[in-house]
Amino acid sequence: MPILTCPVCGSTLTAKERAFVCESGHSFDLAKEGYLNLLLSTQHRSRHPGDAPELCRARRAFLSAGYYAPLREFVADRLQGDVVLDACCGEGYYTSAFAMRGHDTYGFDIAKDMVRLAAKADKRSFYFVAGLHRIPVESGSVDTLTHLFAPFADEEFRRVLKDDGTLLTVLPGEVHLWQLKQALYETPYRNRETPPQTGLTLVSKERLRFEIDLRTREDILNLFRMTPYSYKTSPDAKQRLCALESLRTTVDFVVLTYRKG
Ligand SMILES: C[S@@+](CC[C@H](N)C(=O)[O-])C[C@H]1O[C@@H](n2cnc3c(N)ncnc32)[C@H](O)[C@@H]1O
Ligand SMILES: [Zn+2]
């Protein structure tokens, strides 16, 4: 069943050779890496929407080192049904693992460069460029929507989910990266575990807490760059972090499962 819709007129898109077309004749070519750009130029203001390239590089290096692999498996274990949509998928680190479990997996992100990387590396999933507030996907077509570390769009999420669909989302837990914060601040604060505002029904709240051993200065800095602390930390504190050769820190995630029906 095709689930993609035309970003111009909203009708169903169907595959036709190296393109996707709608009944009104709007046509979108597949990029050579196999992804579809469904983001209209009127839907974004910036020439390069999404995260800055240096942040993307840091995230890619950190994730590919495998530190968050337990979270990836934890979320993959909780997928329900056939059609999985990974919202704001970045470079597809989580998406690709969902496809490996045999789900009919889609991922989208507003950053074309991220989607290109994802599509290049993972031929099992289908990737497209799109914004979160107008997801070019049929209403009621998704069994499980996954949402990791990205902005939330409640109305769109509820629209695309099937009546019995599931939303899986992850929050940083109260002691997430505690030892990293101790290295930066004299009195670190615990995170507030604030769930998203949603009309969906919460069915479970599970915690995944483990320790990671950051083995190199580069790994420590890549993780730091991925956090909100990277732009609100004093140069002195950053200096302290740069002096570390390795760091063992707790990672703490809260995985929330919501149901539509
Ligand atoms: C912190 S990253 C997380 C990426 C991926 N989920 C992961 O955990 O590796 C946030 C992602 O959200 C994307 N993003 C931000 N605003 C967006 C929007 N309005 N629509 C779609 N994607 C968006 C960014 O481009 C970025 O790839
Ligand atoms: Zn159309």
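These notebook entries record what I looked up in one predicted model.

**Conventions**

I worked with a predicted model, in which local features need pLDDT of at least 70, side-chain atom pairs count only at pLDDT 80 or more, and totals for chains, interfaces and linings use all residues. Residues are numbered from 1 along each chain as its sequence is written, chains are lettered from A and ligands numbered from 1 in the order in which they are written, and side-chain values use heavy atoms, with hydrogens and water left out.

**Entry 1: zinc site**

I looked up the donors of the zinc ion (ligand 2), where donors are N, O and S atoms within 2.8 Å of the metal (3.2 Å for Na, K and Ca); water is not among the atoms, so sites may look incomplete. Cys6 (SG), Cys9 (SG), Cys22 (SG) and His26 (ND1) coordinate the ion at 2.1 to 2.3 Å. Along the sequence, these donor residues follow the spacing C-x2-C-x12-C-x3-H. The angles among the 4 donor atoms are 101 to 116°, and the site is tetrahedral (four donors with all angles between 85 and 135 degrees). For reference, the ideal angle for four tetrahedral donors is 109.5 degrees.

I then checked accessibility, taking buried as under 20% relative accessible area, exposed as over 50% and partly exposed as in between (1.4 Å probe, protein chains only). Cysteine 6 is buried at 2%, whereas cysteine 9 is partly exposed at 38%.

I next examined strand E5 (residues 83-87); helices (H or I, at least four residues) and strands (E, at least two) are DSSP runs, numbered from the N terminus. In E5, 5 of the 5 residues are buried, so the strand is largely enclosed by the rest of the structure. Val83, Leu85 and Ala87 point one way, Val84 and Asp86 the other.

I also looked up pairing, for which DSSP must find at least two bridges between two strands. E5 runs parallel to strand E6 (residues 104-109), with 5 bridges, and valine 83 has aspartate 104 as its bridge partner there. E5 also runs parallel to strand E8 (residues 142-148), with 4 bridges; in E8, threonine 146 stands opposite aspartate 86. Together with helix H3 (residues 93-100), E5 and E6 form a right-handed β-α-β unit (with the strands pointing away from the viewer, the path from the first strand over the helix to the second runs clockwise).

**Entry 2: salt bridges**

I searched the whole structure for salt bridges and found 21, a salt bridge being a side-chain nitrogen of Lys or Arg within 4 Å of a carboxyl oxygen of Asp or Glu.

Within helix H4 (residues 112-121), aspartate 113 and arginine 116 lie 3 residues apart, about one turn of the helix, and their closest N and O atoms are 3.1 Å apart. Aspartate 113 is partly exposed at 43%, as is arginine 116 at 28%.

In helix H5 (residues 154-160), arginine 158 and aspartate 154 are 4 residues apart and meet in a salt bridge at 3.1 Å. Arginine 158 is partly exposed at 31%, but aspartate 154 is buried at 14%.

Arginine 209 and aspartate 252 form a further salt bridge, at 3.2 Å. Arginine 209 lies in strand E10 (residues 201-214) and aspartate 252 in strand E11 (residues 247-259), so the pair ties together parts 43 residues apart in sequence. I noted arginine 209 as partly exposed at 42% and aspartate 252 as buried at 0%. Both belong to a network of salt bridges that also links Glu174, Arg190, Glu193, Lys205 and Arg207.

Conventions. Four donors count as tetrahedral if all angles lie between 85 and 135 degrees; four count as square planar and six as octahedral if opposite donors are over 155 degrees apart and all others between 65 and 115; anything else is irregular.
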